[in-house]
Amino acid sequence: MITLTINKKIHKIDADPNTPLLWVLRDIVGLVGTKYGCGVAQCGACVVHLDGEAVRSCVTKVSRAQGKKVVTIEGLSETGTHPLQKAWLDLDVSQCGYCQAGQIMSAAVLLKENKNPTEQDIDDAMSGNICRCGTYLRIREAIQLAAKQQEG
């Protein structure tokens, strides 16, 4: 039995310790906001926070999450009003939306570590998140908007 703290709630999980965290989140806990993309940590669709670090849950063993705090897109804010979520809606960033949870989770770590990122900072931080729709310019604008909203 593995004990996980996910979005501030404690879960007792009966799973093989080598199971990818993504499958535990989606199939056992029922949090389906985190998406499966490539399965080899190349696209970023599955990004969640593990003790504040952005990790690819498709290749992170659930045993690594034990004793740490896991935050998914559902837990980023209790009301869905995180500055990034608001900026995403304000700028209509999403097209198909599939990668957007991972994009937002990566951006949240960026803004936590860098309150006023430059365009290059954003491009560097987000380079591992792939969007098939090509919404990169709107993603960058949303991150900049969220950074400004966090200041004021």
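How many residues lie between β1 and β2 in the hairpin that they form, and which residue in the turn has a positive phi? In this predicted model, the hairpin of β1 and β2 has 2 residues between its strands, and Asn 7 in the turn has a positive phi of about 50°. The two strands, β1 comprising residues 2–6 and β2 comprising residues 9–13, run antiparallel and are joined by 5 bridges, with Thr 5 standing opposite Ile 10 of β2.

Strand β1 also pairs with β5 (residues 69–71), in this case in the parallel sense and over 2 bridges, and here the bridge partner of Ile 6 is Val 70. In a regular strand the side chains alternate between the two faces of the sheet.

Ala 65 belongs to helix α2, which spans residues 62–65, and because its relative accessibility is 0%, below the 20% cut-off, Ala 65 counts as buried. The C-alpha atom of Ala 65 is separated by 32 Å from that of Arg 138, a residue 73 positions away along the chain.

Helix α3 (residues 83–90) packs against α4 (residues 100–113) at an angle of about 130°, the axes being 10 Å apart, and α3 is therefore oblique to α4. The crossing of this pair is right-handed. The contact is made by Leu 84, Gln 85 and Trp 88 of α3 together with Gln 100, Gln 103, Ile 104, Ala 107, Ala 108 and Leu 111 of α4, and these residues divide into 6 nonpolar and 3 polar, with no charged residue among them.

Helix α3 also packs against α6 (residues 136–151), the axes coming within 8 Å and crossing at roughly 130°, so that α3 is oblique to α6. This crossing, too, is right-handed. On the side of α3 the contact involves Pro 83, Leu 84, Lys 86, Ala 87, Trp 88 and Asp 90, which meet Ile 139, Ala 142, Ile 143, Leu 145, Ala 146, Gln 149 and Gln 150 of α6. The residues of the contact between α3 and α6 comprise 9 nonpolar, 2 polar and 2 charged.

Terms used:
Residues are numbered from 1 along each chain as its sequence is written. This is a predicted model: local features need pLDDT of at least 70, side-chain atom pairs count only at pLDDT 80 or more; totals for chains, interfaces and linings use all residues. Side-chain values use heavy atoms; hydrogens and water are left out. Axes are lines fitted to C-alpha atoms, for helices over the stretch in contact, and angles run from 0 to 180 degrees between N-to-C directions. Helices (H or I, at least four residues) and strands (E, at least two) are DSSP runs, numbered from the N terminus. Angles under 35 degrees count as roughly parallel, over 145 as roughly antiparallel, 65 to 115 as roughly perpendicular and the rest as oblique. A crossing is left-handed if the near helix is turned anticlockwise from the far one by less than a right angle, and right-handed if clockwise. Contact means heavy atoms within 4.5 Å. Ala, Val, Leu, Ile, Met, Phe, Trp, Tyr, Cys and Pro count as nonpolar, Asp, Glu, Lys and Arg as charged, and the others, Gly among them, as polar. Two strands pair if DSSP finds at least two bridges between them. Buried means under 20% relative accessible area, exposed over 50%, partly exposed in between (1.4 Å probe, protein chains only).
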